Amino acid sequence: MRPFEVELRRAALRLVRPFRTSRGAETDKHVLLLQWRTEGPHGPVSGWAECGADPEPTYYPEYIDTVTRALVDVLVPMAREVAAADGPFLPRLRTALDDVPGMPLAKAALESAALDAELRAAGMPLSTYLGGHRDRIPVGVSVGIADSIDDLLDWVGGYLEDGYHRVKLKVRPGWDVEPVRAVREAFGDALPLQVDANQAYRTSDIPHLLTFERFGLLLIEQPFPADDLLAHARLAADLRTPVCLDESITSLGSAAAAIALRATDAINIKPARVGGYLTARSIHDLAAAHGIPCFCGGMLETGVGRAMNLALAGLPNFTLPGDISATSRYFAQDITQSFELVDSCLVPPTGPGSGADVDLDAVEEVTSTRITC
Ligand code: SMG
Ligand code: MG
């Protein structure tokens, strides 16, 4: 492996609309970007990745500051040792990362940047490397908790006009039956609609959640705390509406356990949360073998992460529309080419690596701090 350096940048992009879930609200997308710089066969190559961590431990225990420390102190030095030894770099990096406990978000970011650099040097698209085959990825839109039902109906109406065919509503106790009923009444029973609670309910809410059956939802995502697989299994046993796990699935092992316990009828796969795209693919394959459909989740990614997620979502068992919306749903100006909706789908880029064309001037403009390691 050739010598490399990694630049970490902390950046912030204003969201076109604040995004509120049961766990908090954000008005800006704060992001840690990684640039993996090395020499390719035809000159300098840069691999890019973004980390799924937030500034605070909102969805995950890791946050931007802990990921930064983990990369600088532990993971980048470890990658450098792996690179100095003989043999193919990426599989050995994977093995080394697996030996370090925890920190999936930091590992995912590092592996993704290395993967993007290697593939750009080799001239191979990430979708080809992962085995994806679709040139149109069906996507939906995730709609945050609004101040009022009227606001929510305005937002959903706008997204349907934009061309989204699948809507996910964020819910929490006190903001669930009313908004879902209002959206059903306004936009009809045929609208593919699902809800996501981000762990806001408890086992004692099972009778209440069973009443959601009447709304004909595509799925109910992560109603209970991430480590409570048994509560999800209890709900799934009594509900015809599919139960979908998101935060509970942190590894191949946790996916296998959730499937064995019948705690999940569908899986939201977020590469960041499971430690990277290679593990995400393994979870996809395991789910496929058990007849469990998947969709590719999102963390309000910039174009850097969105391009990679589109490559992953081309795998055949991503049969549910992904949380990968068009650029305009998130930002007035992104740091890559923008992604537009075509017949409720996004088109994965075809260039080498993720295919994201990173606009260095745009990146500069949103960067607050940087560290090279
Ligand atoms: O990227 O469009 C998106 C957001 C998708 O709802 C979304 N993600 O739990 O699935 C989820 C949430 C995580 C929070 S995003 C900050
Ligand atoms: Mg979710």
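Ligand 1 has 17 residues around it, and Ser142, Lys168, Asn198, Leu300 and Tyr330 come nearest (around means a heavy atom within 4 Å). This is a predicted model, in which local features need pLDDT of at least 70 and side-chain atom pairs count only at pLDDT 80 or more, while totals for chains, interfaces and linings use all residues. Residues are numbered from 1 along each chain, chains are lettered from A and ligands numbered from 1 as written, and side-chain values use heavy atoms, without hydrogens and water.

**Contacts of the ligand**
- An oxygen atom of ligand 1 lies 2.7 Å from a side-chain N or O atom of Ser142, and one is 3.0 Å from a side-chain N or O atom of Asp246.
- Leu300 takes part through its backbone, with an N or O atom 2.7 Å from a ligand 1 oxygen (a polar contact pairs N or O atoms within 3.5 Å).
- The protein buries 100% of the 420 Å² that ligand 1 exposes when taken alone (Shrake-Rupley method, 1.4 Å probe).

**The shell**
- Sorted by class, the shell holds 8 charged, 5 nonpolar and 4 polar residues, with Gly counted as polar and Tyr as nonpolar.
- Ligand 1 lies between domain 1 (4–123 + 358–372) and domain 2 (128–346), because both give residues to its shell; the bounds come from an automatic or database assignment.

**The cavity**
- The whole structure has 3 cavities of 30 Å³ or more (on a 1 Å grid over the protein atoms alone, points where a 1.4 Å probe fits but cannot get out; lining residues have an atom within 4 Å of a point).
- The largest cavity has a volume of about 230 Å³, the space filled by probe spheres set on its points.
- Among its 22 lining residues, Phe19, Lys170, Gly298, Met299 and Leu300 are closest to the centre.
- Ligand 1 sits in this largest cavity, with more than half of its atoms within 2 Å of the grid points.

Terms used
Polar contact = N/O pair within 3.5 Å; in protein donor to acceptor, adjacent residues only side chain to side chain. 1 Å grid on protein atoms, 1.4 Å probe; cavity = no way out; pocket = protein on both sides within 12 Å on 5 of 7 lines; lining within 4 Å.
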